[in-house]
Amino acid sequence: MLSYVAGRLAAIVALAFGISGLVFLMLRLIPGDPVMALLGTQAANPEVVERLRRQLGLDESMASQYVTWLGNLFRGDFGYSYGQQRPVSELIAANFPATLQLTVCALFLSVLLGLAIGIVAALKRNRAADTLGMGLALALMSIPSFWLGLLLILLFAVTWPIFDVVGGTGFKGVVLPAVTLALGTVGFNARFIRSSVLSAQTQKHVITARAKGLSRATVFLRHVLRNSLLPILTVVGIQVGNLLSGTVVVETVFSRPGLGRLLVDAILSKDYLTVQAVVLIIAVIYAGANFVVDLCYPLLDPRIARR
Amino acid sequence: MTSRKLPALLAAAGLCLSGTAHANELVVGWAETNDTLNPVTTGKRNVGPILSNIFDTLVWISPDFEVEPLLAESWTVSDDGLTYVFKLREDVTFHDGTPFNAAAVVSNVEYITGENTQSKISLGLLGPCAHAEATGEYEVTFTCDEIYAPLLAQMGEPYLGMQSPAAIEEYGAELGQHPVGTGPFKFVSWTPSQSIVLEKNPDYNWMAASLGHDGPAAIDKITFQIVPNPQSRVQQFQSGQSQVMQQTPGLYWKTLTASGKYTELPVEISGLGIFAPINASLFPTDDILVRKAIMYAVDQKALIQLAEAGVYPPSYTPLSVGMLGHDEDAEGKYPYDPEKAKSLLTEAGWEFDGTTWTKDGKTLSVKITAISGKAHYMAQAQAIQGFLSEIGFDAQFEALNAPAWLDLNIDGGSTLTPSQYIGVDPDALHFWFLPDQYFNWSHWTNDELTDLIYQGRSELDHGKRAAIYQKIQDILLDNAVILPIRQNLDLTLADKSVTGITWSGGGFQYFGAASIAE
């Protein structure tokens, strides 16, 4: 088990390195000089241009820029965003909690609703509830989140002003964005959970349990659900990634602060250090979430821990 | 919960939530994120209006460009035009309690010109007059290396707002997060990409006379809520969660103003309006006849109709309406005339086979670019593409991110690109038409024009200056190096209960004299 954990951790570190290098390179291959963009009309003065280039360290070779950046990173220094005139760490600190809140709320909602729809559909297989549930799942999967977001705003913030149009991090601000983000993945979860439950129901031990006279509820909770949760857990890990990338759209529609919007703004203005830091953080969160999922497997299936 | 209780509960929830904005507090739906609240280092025009509520300038410019006393009570200009002596108000203190005096002005100028400040807009506004000396406790003298006529008007732009010398000293690189001015509102907080909160400065008593407001502002608190998504901004405003909204998209402006429920504030942003420089160094627009053909082929009114629901007034000359030297008669210069455009192309040696124009084996192809994140530029560029395609141009459109767009246009790789430029003095033209300027995107210079731009700068007589800029506009239009598109307006809407919102010359929303009816 220990070597398993160590191996996974090493993989995450390697992944972070790989991604940081790739992002670093890609950013510099896209056309556009950030120094000129920062200076505006002052760029007419070559002296000023050179001075800023020196201050940003952009006069050095790409390799040495990368080494400097990595070195600073190990000291916990993400650098300074000249576009936003603040340390990158401050920008992340200001935006990360909002994204975390949104993702966690959406994940919770998505899994909860997905479980509800999926289980009902599986238990009422091939009956009206199943058709309805799966139809709903398909519909939810097909709705683009920017449209759903606008619709929800129109209904629940303009027509019936229960929530805020512009999402802050308060309760009134987070509900609509979280619902928007969650609904896109609910459909997927519901379908997946349905098939997972169905396949668990046909296992031999389930039939045995029924045969020895256990109640329907006991069989379902102890034997069916627990066995069908394992594949669902894997999906949840992947979903953290989907939800994180979904925040880009949702944060824009609801004008919420967050890493997604920070990243888009930074890419558009070629704010190198901010893009590098945010991408790195998102990659680590994604890898970290899957790592946590891996650690959960043994809890659901003790055989994995013994291996 | 029984079903009967639910509607009542929902109604109750609605009631307590709808009353979030208190009587004397204003929420403003703001369209762009800010880089900093330091007037000296900001590179974003849209930070200006927020700054003008926190900081005062030495002079106030009215929306029609009258220069009035603000922090300076009076001023004199020496006969040679090189020395400006400002007599300052003696009753002004900064928000942090630091007294405002000549030494404070000198500290500000030293900060602006400092090696490590990374001053952007403000340094340019001082021009050759970036030397200030305290010649009395409340008297400051600016000396210019050469005559600089734009100085007084530019002194009133918020980027030259006076900052507390104590704050400059204390905060260093973080000054932009701790703005301390003398304005009608004090800075409270700034949550990046979320909101900026200001509160009333209770000691304020020096508003520009033309605003007719004595004492502190009537509004207790302003929250600029950053809502870059135009649709959300509109919905926020419509649902009453903001009382003021800037940059209303054209289509919404049309429907919302038609309802008669709101106060319309079309804030005039002066300068060169919205325009597209025509690249005179790139084939085929290196030929003046091709450039003129473009001028005849584009119908400004129809373009605005297509791109922005027709809500903006068109422009036919590089200088905005109301600015010194603005040419009223330019409208007749290039009427929409596609036939004329085609005959100019024929005159230039191009042959039309019914679909494409060719000359010496080359097709008549132009590249129109726009910043990808800006919907109105993209729509304008595509409308221009449509007009040019109509007469047979092979018109390509490309959207680019801002840095790539800047690079391409500086290098002269794009034929036409919609753009804006803001200024309170017609000398703003020099950024676009003097040789070696960063923004010389026409990539075209002319000795007579260069001379005239320098003359305009050093002429202190208003009438003579106006005549010079008249000539400059003639040269630019005769050589077809700029395609004027429309006036630059910030379409601002306010709830009827809010009155007295105004703006300073240049287009900077000002809330100092505003109030909210009970």
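**Entry 1: α5 and α12 of chain A**

I looked up the handedness of the crossing of α5(A) and α12(A) in this predicted model, and it is right-handed, where a crossing counts as left-handed if the near helix is turned anticlockwise from the far one by less than a right angle, and as right-handed if clockwise. The axes of α5(A) and helix α12 (residues 272-300) of chain A come within 10 Å and cross at roughly 45°, axes being lines fitted to C-alpha atoms, for helices over the stretch in contact, with angles from 0 to 180 degrees between N-to-C directions. That angle makes α5(A) oblique to α12(A); angles under 35 degrees count as roughly parallel, over 145 as roughly antiparallel, 65 to 115 as roughly perpendicular and the rest as oblique.

I then listed the contact, which joins A:V88, A:L91 and A:I92 of α5(A) to A:L273, A:T274, A:A277, A:V278 and A:I281 of α12(A), two residues being in contact if their C-beta atoms, placed from the backbone, lie within 7 Å. By class I noted seven nonpolar residues, one polar and no charged, where Ala, Val, Leu, Ile, Met, Phe, Trp, Tyr, Cys and Pro count as nonpolar, Asp, Glu, Lys and Arg as charged, and the others, Gly among them, as polar.

**Entry 2: numbering and confidence**

For my own reference, residues are numbered from 1 along each chain as its sequence is written, while chains are lettered from A and ligands numbered from 1 in the order in which they are written. As this is a predicted model, local features need pLDDT of at least 70 and side-chain atom pairs count only at pLDDT 80 or more, whereas totals for chains, interfaces and linings use all residues.

I checked chain A and found a mean pLDDT (the predictor's confidence in each residue, from 0 to 100) of 86, with 97% of its residues at 70 or more. Within chain A, confidence is highest in helix α5 (residues 88-123), at a mean of 91, and lowest in helix α13 (residues 302-306), at 71.

**Entry 3: α7 and α8 of chain A**

I found helix α7 (residues 145-159) of chain A packed against helix α8 (residues 171-201) of chain A at an angle of about 140°, with their axes 9 Å apart, and this crossing of α7(A) and α8(A) is right-handed.

**Entry 4: α9 and α11 of chain B**

Here the axes of helix α9 (residues 288-297) and helix α11 (residues 338-347) of chain B come within 8 Å and cross at roughly 170°, and α9(B) and α11(B) are therefore roughly antiparallel to each other. I sorted the residues of their contact into nine nonpolar, no polar and three charged.

**Entry 5: domains of chain B**

I noted that chain B is divided into domain 1 (6-267 + 491-516) and domain 2 (271-487), with bounds that come from an automatic or database domain assignment. Their centres, taken over C-alpha atoms, are separated by 32 Å, and the contact takes 21 residues from domain 1 and 14 residues from domain 2. On the domain 1 side, α8(B) gives the most, with four residues.

**Entry 6: chain B against chain A**

Last, I looked up the contact of the two chains, which takes 44 residues from chain B and 44 residues from chain A. On the chain B side α13(B) gives the most, with six residues, and that side divides into 16 nonpolar, 24 polar and four charged residues.

How values were computed. Helix = DSSP H or I, 4+ residues; strand = E, 2+ residues; numbered from the N terminus.
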